[in-house]
Amino acid sequence: MPILLILLLAILVAQIGFWDTLGAILGAAGVLVLFLLIAAAAVAVAGFLVVRRLRQKF
């Protein structure tokens, strides 16, 4: 599997160019990081709401 990833990166570098490829990889990593941050914030807000409702019942 890592060999496939290396080959894919080599093909991207050969066709697009180094800086465009690097920008694309960093952009994809940035999108994943932002998605994880938003998902974590959504889980935190949902947990806060659940805890608040449980405290109101008791």
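Trainee: Is Phe18 buried, partly exposed or exposed, and what is its relative accessible area?

Mentor: Phe18 counts as partly exposed in this predicted model. Its relative accessible area is 46%, and the cut-off for exposed is over 50%.

Trainee: And Trp19, buried or exposed?

Mentor: Trp19 is exposed, at 66% relative accessible area.

Trainee: How many aromatic pairs are there in the structure?

Mentor: One. Phe18 and Trp19 make that pair, with 4.9 Å from centre to centre.

Trainee: Stacked or edge-to-face?

Mentor: Edge-to-face, because the planes of Phe18 and Trp19 are 75 degrees apart and over 60 counts as edge-to-face.

Trainee: OK, back a bit along the chain. What follows H1?

Mentor: Gly17 does, and its phi is positive, near 115 degrees.

Trainee: What about H1 itself, how far apart are its end C-alpha atoms?

Mentor: They are 21 Å apart. H1 covers residues 2-16, and at 1.5 Å a residue its 15 residues should span 21 Å, so the two values agree.

Trainee: How many residues of H1 are buried?

Mentor: Zero of the 15, so H1 lies largely in the open.

Trainee: What does the C-alpha trace span along its principal axes?

Mentor: About 65 × 25 × 10 Å.

Trainee: And what share of the chain is buried?

Mentor: Buried residues are 2% of the 58. The chain exposes about 5400 Å², with carbon and sulfur atoms supplying 81% of that area.

Conventions. Residues numbered from 1 in each chain as written. Predicted model: local features only at pLDDT ≥ 70, side-chain atom pairs only at ≥ 80, totals over all residues. Heavy atoms only, no water. Phe/Tyr/Trp six-rings, centres within 6.5 Å; stacked < 30°, edge-to-face > 60°. Buried < 20%, exposed > 50% of the residue type's maximum accessible area, 1.4 Å probe, protein only. Helix = DSSP H or I, 4+ residues; strand = E, 2+ residues; numbered from the N terminus. Expected span 1.5 Å × (residues − 1). Areas by Shrake-Rupley, 256 points an atom, 1.4 Å probe, with all protein chains shown as cover.
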